[in-house]
Amino acid sequence: MKPLDPKALRRQFPVYQNNPGLVFLDSGASAQKPASVIDGVAEFYRRDYANVHRGVYQLSQRSTDHFEEARETARAFLNAADVNEVIFVRGATEAINLVAQSWGPEFVKAGDEIVVSDLEHHSNFVPWQMLCQRVGVRLVVAPTDASGGFDLAAFEALLSPRTKMVAVTHVSNVTGAILPVERIVELAHAKGAKVLVDGCQAIPRMLVDVRALGCDFYCFSGHKAYGPSGIGVLWGRYDLLAAMPPWQTGGGMITQVTLERTEFQEPPHRFEAGTPDISGAVGLKLALDFIEELGRDRIREHEEALTGYAIDRLSRIPDLNLLPGGQRRLSVLSFNLDGIHPHDVGTVLDQHGVAVRVGHHCAQPLMDKLGIAGTVRASFGVYNDRDDIDRLAAAVEACREMFLR
Amino acid sequence: MIDLRDLYQDIILDHGRHPRNFRPIEHPTHTARGHNPLCGDRVTVYLALEGDKIADVSFEGRGCAISTAAASLMTEVLKGKTLAEARALFAQFHAKVTGGEVGDLPEALEEDSERLEPLTGVKAYPARVKCATLPWHAFEAALKGGAAEPVKTE
């Protein structure tokens, strides 16, 4: 397997031509876009755009074909059984809200429990918290252990026949910890609970096979996977989707409307009210093609090696504390410098051309557990290499010099 | 490249590391909390008013070098001021860091205004302006009767 060549790959990302010297280490928040996505979306608008599923004219049919082809690409990418299990949403946030608000009230009742991990992004925490408050369900938080890995034994002990849903991230957006989703699914299913996996950080960098994982719902945002912002995917097992009531209602999701009542379409259209993000879906398809062409095994190998290098390099900086991320981690590293606030680090790094994220990373429950206000977070993509890590380390050293001299 | 030392001047680093008046006031006449949801920073401002005069002012909390230094310098300049003077200082400081129209101050306040000058380097860093104004917003909220909810920067 030929390793990725990040320097050559950068030529496919116009942002690098327009920002010479940029060290972009914030792909965990949103990845940069390859020219194939940017140009492909523009080309689609130029040639084939019209509303989907509406017109009898050829242009609308072509547009619909592109849109549905994107759905098939997403199905294949996830190795899902049925293309009708793929729902286009705005992103993972909308996907989780959809499940919490549609599946939730239908299948949980007062006295039930929903389990999340303490690593969750607010988007996989707050929708469940809201559901719990609305329905009278208890929200149970599964902890990470001292090494920063998901504590399977503690998780198992929290499960009971009352558990109806387990919602976990595949890869932590704060520490890069990879969660043992297969085992989580086995244990949850043994108690009759469903499992939703937030795949935002996993999709751009590792093979995801929803049938091998065994989960019930899987979701991701397109923009973290080199695609446009405003498009994402919710995958759900068809029998579950078919039993769920519509979430938002409007055009495109009905079979018949009279003044008295409305009959709704089958999934996925039942959950896609209104004109969807058509060009976003086209862009997402091109982004998934981009990933597949590089090869997810190669991307993972590249980013694993880079993560290892970064851990080694940053660990040698005095006063730098890396947040632990368990035994298996990928592409996301959080750290703090003793005595220097993350925002000050971020500003200094920015002046050195190094773009990182600082703050709580939408994971305040985890920050509270660790007793910190925030962290500095570096996250990697296919265009990053060791030089970027060296530039990061040099900028961190400069920051120390400035504040600790 | 903007020179970082315009932002992180020695006085900022000093007050960031060793904030003055970093303590609670046991029986404050006014208090309020400030919260920057972007970074999770929190500040609590305590006031002891005697009539129209700020007899004592202090703060507690956690924050970056900019917000800590801003709070520290704020407590230094506000002590002994009347409320009208305090408001005038804030209005001018706010205008300076946000690029608004800077009005004139009474001569008596000019020295205080100069004390705050090092903080105006945040102007070049739009993402950091809120760090410098957070303690002042908390001060203002305290005067308004100490809001039950913390004031937010956004």
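The model is a predicted one.

**Stop 1: chain B, whole**

Select chain B. Its secondary structure amounts to six helices and four strands. Colour by element and follow the chain along the sequence: the order is α-α-β-β-β-α-α-α-α-β.

Now orient the view on the principal axes. The C-alpha atoms of chain B occupy a box of roughly 45 × 35 × 25 Å. What radius of gyration would a compact globule of 154 residues have? The rule puts the value near 15 Å, and chain B has 14 Å, so the two agree.

Colour chain B by burial next. Of its 154 residues, 42% are buried. Then draw the contacts with a separation of 6 or more. In chain B, 62% of them are between residues 24 or more positions apart.

**Stop 2: helix α3 of chain B**

Select residues 65-78 of chain B, which form helix α3. The label should read 20 Å.

Is α3(B) mostly covered or mostly open? Mostly covered: 13 of its 14 residues are buried.

Step just past the end of α3(B) and pick G80(B). This residue takes a positive phi of about 90°.

**Stop 3: where chain B touches chain A**

Show both chains and select the contacting residues. On chain B there are 16, in contact with 14 residues of chain A. Colour the chain B side by class: 11 residues are nonpolar, two are polar and three are charged.

**Stop 4: strand β12 of chain A**

Move to chain A and select residues 332-337, strand β12. Six of its six residues are buried. Look at the strand from each side. One face carries V332(A), S334(A) and N336(A), and the other carries L333(A), F335(A) and L337(A). Both faces are covered.

Start with β11(A), residues 320-322. Three bridges join β11(A) to β12(A), and the two run antiparallel. Which residue of β12(A) is the bridge partner of L320(A)? The partner is L337(A), one of the buried residues picked out above.

Finish with β15(A), residues 375-379. Four bridges join β12(A) to β15(A), and this pair is also antiparallel. Pick S334(A) and look across to β15(A): its bridge partner there is R377(A).

How values were computed. Residues are numbered from 1 along each chain as its sequence is written. Chains are lettered from A and ligands numbered from 1 in the order in which they are written. This is a predicted model: local features need pLDDT of at least 70, side-chain atom pairs count only at pLDDT 80 or more; totals for chains, interfaces and linings use all residues. The expected span of a helix is 1.5 Å times one less than its number of residues. A residue is buried if 20 or more other C-beta atoms lie within 10 Å of its own, exposed if 12 or fewer, and partly exposed in between; C-beta atoms are placed from the backbone. Two strands pair if DSSP finds at least two bridges between them. The radius of gyration is taken over C-alpha atoms; the globule rule is 2.2 Å times the number of residues to the power 0.38. Two residues are in contact if their C-beta atoms, placed from the backbone, lie within 7 Å. Ala, Val, Leu, Ile, Met, Phe, Trp, Tyr, Cys and Pro count as nonpolar, Asp, Glu, Lys and Arg as charged, and the others, Gly among them, as polar.
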